Amino acid sequence: MDVTLHLAQDPAADALLGRSPLAALVGMLLDQQVPMEWAFKGPRTIADRLGAGAAGDLDAHEIAAMNPEAFAALLSDKPAVHRYPGSMAKRIQQLCQYLVEHYDGDAEAVWRDVPTGSEVLGRLEALPGFGKQKAQIFLALLGKQLGVAPKGWREAAGAYGEPRAHRSVADITGPESLAKVRAHKQEMKAAAKAAKASGR
């Protein structure tokens with residue numbers, strides 16, 4: 001895996017996401033209740049604070065084995081990695097512990113050589129912190145930008161798998177598409193708010 005992503009809108013952070021399956025999974029995990037760029041910048045910040053160096057990567061074994069309080073402190077240092085650094089530190093460690101237990105710490109093994117999109121989706125949904133929607137978005141990211149296209153991946157990814165959908169991070173390739181995805185999310189929020197107000 002070595003592609004150019006534009007999710008963090010930061011060259012060093014995006015370079016790590018493009019070459020590191022674990023960084024991409026951690027970024028996806030962090031992508032809630034904060035701006036997308038902030039979430040996807042998180043893996044680079046964590047790698048830096050762990051002393052990984054410019055060409056470094058995240059290590060599932062290392063993170064899984066860390067003292068939980070120390071890891072939470074690492075995410076809480078200013079600038080914090082997330083709005084809720086303590087709870088997200090716990091989720092990242094749970095994700096890494098699961099990867100160590102089930103995939104020997106190899107994040108790419110979650111989807112490597114898996115023949116169908118539905119099977120990849122099932123494996124993603126089994127990851128701690130990944131519900132169906134997050135799993136579908138990540139599957140769409142794999143298919144659209146990371147060159148992982150098992151049979152039926154678009155169908156398994158649902159609406160997020162549609163070409164040029166601009167519904168999620170899977171469709172962000174630069175500032176213009178980021179603006180389109182952000183506009184779509186705002187439309188969805190407004191529609192949900194309106195439905196709630198009308199008592200539907």
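**View 1. Gln 136, a buried residue in helix α8.** Start with Gln 136 in this predicted model: its relative accessible area is 13%, so it counts as buried. The residue sits in helix α8. Which residues does Gln 136 touch, once those up to four places away in sequence are set aside? Look for Leu 121, Ala 156, Ala 157, Gly 158 and Tyr 160.

**View 2. An aromatic cluster of Trp 111, Phe 130 and Phe 138.** Searching the whole structure turns up two aromatic pairs. In one of them, Trp 111 and Phe 138 have ring centres 5.5 Å apart and planes at 50°, so this pair is tilted. The two partners come from distant parts of the chain, 27 residues apart: Trp 111 belongs to the loop between α6 and α7, and Phe 138 to helix α8. Trp 111 is buried, at 3% relative accessibility. Phe 138 is buried too, with a relative accessible area of 0%. Phe 138 also pairs with Phe 130, this time edge-to-face, at 6.3 Å centre to centre and 85° between the planes. Phe 130, like Phe 138, is buried.

View 3. How many of the 10 residues of helix α2 (residues 21-30) are buried? The count is 10 of the 10, so the helix is largely enclosed by the rest of the structure. To pick them out, go through Pro 21, Leu 22, Ala 23, Ala 24, Leu 25, Val 26, Gly 27, Met 28, Leu 29 and Leu 30. Around them you'll find the helices they pack against: α1 (11-19), α3 (36-49), α4 (60-65), α6, α7 (117-125) and α8 (132-145).

**View 4. Where α2 crosses α6.** Here's one of those neighbours on its own: the axes of α2 and α6 come within 10 Å and cross at roughly 140°. That angle makes α2 oblique to α6, and the crossing is right-handed. On the α2 side, the contact uses Leu 22, Leu 25, Val 26, Leu 29 and Leu 30. Helix α6 answers with Met 88, Arg 91, Ile 92, Leu 95, Cys 96 and Leu 99. Sorted by class, the residues of this contact come out as 10 nonpolar, no polar and one charged.

**View 5. Where α5 crosses α6.** Helix α5 (residues 68-76) and helix α6 (residues 85-103) have axes that come within 8 Å and cross at roughly 125°. So α5 is oblique to α6, and the crossing is right-handed. From α5, the residues to look for are Pro 68, Phe 71, Ala 72, Leu 75 and Ser 76. They meet Pro 85, Gly 86, Met 88, Ala 89, Ile 92 and Gln 93 in α6. The class tally for α5 with α6 is eight nonpolar, three polar and no charged residues. Met 88 and Ile 92 turn up here, and they are also part of the contact of α6 with α2.

View 6. Most peptide bonds are trans, and most residues other than glycine have a negative phi. Now check the peptide bond from Lys 78 to Pro 79: it is cis, with omega near -10°. Pro 79 is in the loop between α5 and α6. Then move along to Asp 104, in the loop between α6 and α7. Asp 104 isn't a glycine, but its phi is positive, at about 55°. Is Asp 104 buried or exposed? Its relative accessibility is 58%, so it counts as exposed.

View 7. Leu 178 is part of helix α10 (residues 175-197), and at 8% relative accessibility it is buried. For a sense of scale, the C-alpha atoms of Leu 178 and Lys 90 are separated by 29 Å, with the two residues 88 apart along the chain. Gln 9 deserves a look as well: it lies in the segment before α1, and its phi is positive, about 55°, although it is not a glycine. With a relative accessible area of 33%, Gln 9 is partly exposed.

How values were computed. Residues numbered from 1 in each chain as written. Predicted model: local features only at pLDDT ≥ 70, side-chain atom pairs only at ≥ 80, totals over all residues. Heavy atoms only, no water. Axes fitted to C-alpha atoms, helices over the stretch in contact; angles between N-to-C directions. Helix = DSSP H or I, 4+ residues; strand = E, 2+ residues; numbered from the N terminus. Parallel < 35°, antiparallel > 145°, perpendicular 65-115°, else oblique. Left-handed = near helix turned anticlockwise from the far one by under 90°. Contact = heavy atoms within 4.5 Å. Nonpolar A, V, L, I, M, F, W, Y, C, P; charged D, E, K, R; others polar. Buried < 20%, exposed > 50% of the residue type's maximum accessible area, 1.4 Å probe, protein only. Phe/Tyr/Trp six-rings, centres within 6.5 Å; stacked < 30°, edge-to-face > 60°.
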